[in-house]
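Q: Could you help me look at this structure? I would like to begin with its surface.
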Amino acid sequence: MGRILLFTVLIIISISQVISIECYACDSLENSACGDPININKIDVQDCDSFDKSTKCGKAILHVNGTSGTLRGCAHKQMNCDSLVVPDGYKMEHCSFCYSDLCNTSVTLSGGLLSLFPVIISIFVINKF
């Protein structure tokens, strides 16, 4: 009985990490703290649950007429870099997505491993007992 309860709790934790995520949301053309390196003390945090059930954070760097702009925010789970519409005259230098809270800070984003941790632990615990 204890194993089932532990497994259930770990699965719920893992699901909640995937469903509810927070991301930094900003545009460096409006707020210079959004650029690289980011100043997280001056950047808004967006609850992605209120943004169409998004499940990941994103970051893009665009160039136009010698000006660079960094965008950060929530992204829909099906969005990828190839599906982003870049306006005419703009060039995308960087595009990335990640899957954990406030993960869209650096140039190189990685994600998913932290959200898999509870599942990995639960498999280990089940096999151990």
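A: The protein exposes about 8,200 Å², of which carbon and sulfur atoms supply 60%; accessible areas come from the Shrake-Rupley method with a 1.4 Å probe, and for residues only the protein chains shown count as cover. This is a predicted model, in which local features need pLDDT of at least 70 and side-chain atom pairs count only at pLDDT 80 or more, while totals for chains, interfaces and linings use all residues. Residues are numbered from 1 along each chain as its sequence is written, and side-chain values use heavy atoms, with hydrogens and water left out.

Q: What order do the elements run in from the N terminus?
A: The order is α-β-β-β-β-β-α, with 2 helices and 5 strands. Helices (H or I, at least four residues) and strands (E, at least two) are DSSP runs, numbered from the N terminus.

Q: Why is strand β3 largely enclosed?
A: Strand β3 (residues 56-64) is largely enclosed by the rest of the structure because 8 of its 9 residues are buried. Buried means under 20% relative accessible area, exposed over 50%, and partly exposed in between (1.4 Å probe, protein chains only).

Q: And which way do β3 and strand β4 run?
A: They run antiparallel, joined by 9 bridges; two strands pair if DSSP finds at least two bridges between them. β3 and β4 form a hairpin with 2 residues between them, and N65 in the turn has a positive phi of about 50°.

Q: How many bridges join β3 to strand β5?
A: There are 7, and these strands run antiparallel. H63 stands opposite K91 in β5.
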